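Take a look at the chain below. Follow its strands from one end to the other before you read on.

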Amino acid sequence: MNTGTTAVTAALTAALLLTACGGPPDTAATSASRSPGPAGGFKIGEEARNGGTVVEINKVHEVDGILMDGGTKSAGAEAKYVALEAVVLNGTKSGMDLTCSAPVLSSLIDDQGRRYGVIDGLDKIPGNPECDERLQPGSKDQMVFAYRVPKSAKITAWEFSESGQEPSTVDLGGTPGAT
C-alpha cells in the first residue's frame, strides 16, 4: 500500500462526507457474511473475485461534488456522484494500472438495469494511485471508484471484470441512504 494510506483514507473519507448530499447517512454497513449475494454476486464488505482481481467495497457514498486535485468537481444540478471506497488486490501475474488503463472494467448499475461508466480522472482523486502506477502482483491498494449518475438513479449493484472475463457483481443494496 502507499505510504500514509491510513491518513489519506481518513482525509478522503472526510472530503467525501463534506461534499455529501444533505440526505440520510450512507449505507456503509459491512456484511459479516461470506456467502455470495443475490444472483451469484457479492455483498459490501466481502472480497469479490474476478479472474486474478479481488475487490472489497467497504463504503458507498452519494455526493454532490467530489474532491479532486485542484478542488471539488461538482456533479451539477441534475446529477450526483456515487463513490465506492475499495481495496483492490492484484492476484494476477503482472502489474496493473488501476486509474488510467482498463485492466479492471467496471459499471455502476441502477434499479432499471442502466450501466454507468467510471468518471475520467480517477488518478486525480486524493489517495488513489497515480496514472501508470502499477499495482504489482500480490499487492493491494486502496481505491475510490467514482461515477456520475442522474440524481434520480437508485443504484443497486457494481459490476467489474478483467478484460475478457464474465463480470462479477457486488450487491450495493439500493441507493446509499435508502431503506
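## The model

This is a predicted model: local features need pLDDT of at least 70, side-chain atom pairs count only at pLDDT 80 or more, and totals for chains, interfaces and linings use all residues. Residues are numbered from 1 along each chain as its sequence is written, and side-chain values use heavy atoms, with hydrogens and water left out.

## The whole chain

The protein chain has one helix and 13 strands. Helices (H or I, at least four residues) and strands (E, at least two) are DSSP runs, numbered from the N terminus. Along the sequence, the pattern reads α-β-β-β-β-β-β-β-β-β-β-β-β-β.

The protein chain has 179 residues, and 45% of them count as buried. Buried means under 20% relative accessible area, exposed over 50%, and partly exposed in between (1.4 Å probe, protein chains only). The protein chain exposes about 8600 Å². Carbon and sulfur atoms supply 52% of that area. Accessible areas come from the Shrake-Rupley method with a 1.4 Å probe; for residues, only the protein chains shown count as cover.

Residues 24 or more positions apart account for 69% of them. A contact means heavy atoms within 4.5 Å.

Strand β6 covers residues 79-90. Of its 12 residues, 11 are buried, so β6 is largely enclosed by the rest of the structure.

Which strands pair with β6? One is β3 (residues 53-63), antiparallel to β6 over 10 bridges. Two strands pair if DSSP finds at least two bridges between them. Here Glu56 has Val87 in β6 as its bridge partner. Another is β11 (residues 140-150), also antiparallel, over 11 bridges. Ala83 has its bridge partner in β11, at Ala146.

Is strand β8 (residues 104-110) mostly covered or mostly open? It is mostly covered: six of its seven residues are buried.

β8 pairs with β12 (residues 155-162) in the antiparallel sense, over seven bridges. Within β12, Phe160 is the bridge partner of Ser106. β8 also runs antiparallel to β9 (residues 115-117), and three bridges join them. Ser107 has Gly117 in β9 as its bridge partner.

β8 and β9 form a hairpin. Four residues lie between these two strands. In the turn, Gly113 has a positive phi of about 80°.
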